[in-house]
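Work through each task before reading its solution.

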Amino acid sequence: MKENPRGPRFNGDQVLWKGDWVPLRSLLTSLPPEEFARLARARGLAFFEATHAFCGRCGAPMEPAPDAGTPHARRCSAPACEGRAAFSYPAFSVAVLAAVTRRGGEELLLAHNTAWPGPRMSLVAGFLQPGESLEDCVRREVLEETGLRVARPSFRGSQAWPFPCSLMCGFSAESEDGELRPDGVEIDRAEWVTRERFRAAAEWSPSAEGLQVPPRGSLSRQLMDAWAAGLQ
Ligand SMILES: [Zn+2]
């Protein structure tokens, strides 16, 4: 068995798997969903504890709050702090994925994020902002990143995404116009893909050539596969 390379700073990024410490993300496609969900829960709780060691108002240490009515809640330990009355719960950053189609669903919009190497493509995605509904977020993210207006955002499912603490919410939507204008900041390339082209694509890999789509197991890929099967 190998030593955990992160030593005492281990916070759930890596999982002991068949005698080796491996990134949790690498197990997304090889573990049954219920086992991955258990690890995602552990990762989320470890991240919460690591990032809520001290009060955001006064800087005093946080302590467990067993009277909060839900496990793992914490509160400020300083009696005079106004933050002591407010429990902190394990929280998540909510993000949307948008499977945008046009021409009656014949083509799917894929985008290349400027942070990704090579020809990797995926769905448009982004984080929910305060005051938004999930549907608002879909419309805004697609417009900001690609210049397209979309109609009828429709919820398709969600997935815990513990990298480090997100909840992905999948939507389908229909494009109302056709001119792609990638923002050049987050997205440097976007294109419409037919089912035929999608089925010929490879999974994300440093060595693959041509169109690359996310690995099976991810919600983005599940939404793509549903579209390719004619279910969207
Ligand atoms: Zn405090």
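**Exercise 1.** Compare the span of helix α1 (residues 33-51) with the expected span.

*Solution.* Helices are DSSP runs of H or I with at least four residues, and strands are runs of E with at least two, numbered from the N terminus. Helix α1 has 19 residues. From first to last C-alpha it reaches 26 Å, close to the 27 Å expected at 1.5 Å a residue; the expected span is 1.5 Å times one less than the number of residues. The model is predicted: local features need pLDDT of at least 70, side-chain atom pairs count only at pLDDT 80 or more, and totals for chains, interfaces and linings use all residues. Residues are numbered from 1 along each chain as its sequence is written.

**Exercise 2.** Determine which residues of α1 are buried and how they are arranged.

*Solution.* A residue is buried if 20 or more other C-beta atoms, placed from the backbone, lie within 10 Å of its own, exposed if 12 or fewer, and partly exposed in between.

1. Phe36, Ala40, Arg43, Gly44 and Phe48 are the buried residues.
2. Seen down the axis of α1, they fall within an arc of 135 degrees (taken from the directions from the helix axis to the C-beta atoms), so they line one face.
3. Exposed Glu34, Glu35 and Arg38 are on the face turned away from the buried side.

**Exercise 3.** Describe the pairing of β1 (residues 14-17) with β2 (residues 20-23).

*Solution.* Strands pair if DSSP finds at least two bridges between them. Here 4 bridges join the antiparallel strands. Leu16 has Trp21 in β2 as its bridge partner. Between the strands lie 2 residues, and Lys18 in this hairpin takes a positive phi near 55 degrees.
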